[in-house]
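I open these notes to keep track of what I looked up in one structure, going from the whole chain down to single residues.

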Amino acid sequence: SMLALDEAWVMMLARHACGSHVVQALFDSMTVAPAEKFKLMGKYKGKFVDLAMDKYGSRLLEAVYSVVDRAHKQSIATELADGE
């Protein structure tokens, strides 16, 4: 399970040409529960700026942002703004 991976592995996947598609598919999936998506998103907390600046990570960040609720969107936006 992706949730069993540590933060270093999920970041490596997010920055990988093929790995980012795998993670993005989880966020795009209608069969993955929102709670599981939020848990996975939590592994990227504090690393959204790094994702935004990466070729593949930025695409994943976009996918994450499109599926989370307003509170999580605000959290991501705040982290990105503070990271400038």
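**Entry 1: the whole chain.** I began by asking what share of the chain is buried, and I found that buried residues make up 32% of its 84 residues. I keep in mind that this is a predicted model. Next I looked up the elements, and the chain has six helices and zero strands, so that from the N terminus on the order reads α-α-α-α-α-α. The C-alpha trace spans about 30 × 25 × 20 Å along its principal axes. For 84 residues, a compact globule would have a radius of gyration near 12 Å, and the chain, with 12 Å, agrees with that. I also noted an accessible surface of about 5,100 Å², of which 59% belongs to carbon and sulfur atoms. When I took the contacts between residues at least 6 apart in sequence, 63% of them turned out to join residues at least 24 apart.

**Entry 2: the core.** In soluble globular proteins, nonpolar side chains tend to be buried together, and I wanted to look for such a group here. Which residues have the most contacts inside the largest nonpolar core? They are Val23, Phe27 and Tyr44, in a core of 17 residues. The elements that give two or more residues to this core are α1, α2, α3, α4 and α5, and α1 gives the most, with four residues. I then followed tyrosine 44 and, leaving out residues up to four places away in sequence, I found that it touches Val10, Met11, Ala14, Val23, Phe27, Leu51, Leu60 and Glu79.

**Entry 3: helix α2.** I listed the buried residues of α2, which are Gly19, Ser20, Val23, Gln24 and Phe27. These residues cover an arc of only 130° around the axis, which puts them on the same side of α2.

**Entry 4: the salt bridges.** Side chains of opposite charge can pair when their charged atoms come close. How many salt bridges does the structure hold? I found two.

In one of them, the side chains of arginine 15 and aspartate 50 meet at 3.8 Å, N to O. Arginine 15 lies in the loop between α1 (7-14) and α2 (19-28), whereas aspartate 50 belongs to helix α4 (residues 48-52), so this pair ties together parts that are 35 residues apart in sequence. I checked how accessible the two partners are: arginine 15 is partly exposed, with a relative accessible area of 38%, and aspartate 50, at 39%, counts as partly exposed too.

In the other, the side chains of lysine 39 and glutamate 36 meet at 3.7 Å, N to O. Lysine 39 and glutamate 36 are three residues apart in helix α3 (residues 34-42), and therefore about one helical turn separates them. Glutamate 36 is partly exposed, with a relative accessible area of 31%.

**Entry 5: phenylalanine 38.** I stayed in helix α3 and looked up phenylalanine 38, which lies there. Is phenylalanine 38 buried or partly exposed? With a relative accessible area of 26%, phenylalanine 38 is partly exposed, because buried would require a value under 20%. Leaving aside neighbours within four places in sequence, I found phenylalanine 38 in contact with Val68, Asp69 and His72. Lastly, I looked up phenylalanine 38 and serine 75, which are 37 residues apart in sequence and 12 Å apart in space, C-alpha to C-alpha.

Key
Residues are numbered from 1 along each chain as its sequence is written. This is a predicted model: local features need pLDDT of at least 70, side-chain atom pairs count only at pLDDT 80 or more; totals for chains, interfaces and linings use all residues. Side-chain values use heavy atoms; hydrogens and water are left out. A salt bridge is a side-chain nitrogen of Lys or Arg within 4 Å of a carboxyl oxygen of Asp or Glu. Buried means under 20% relative accessible area, exposed over 50%, partly exposed in between (1.4 Å probe, protein chains only). The arc is that of the directions from the helix axis to the C-beta atoms. The radius of gyration is taken over C-alpha atoms; the globule rule is 2.2 Å times the number of residues to the power 0.38. Contact means heavy atoms within 4.5 Å. Accessible areas come from the Shrake-Rupley method with a 1.4 Å probe; for residues, only the protein chains shown count as cover. A nonpolar core is a set of buried Ala, Val, Leu, Ile, Met, Phe, Trp, Tyr and Cys residues joined through side-chain atoms within 4.5 Å.
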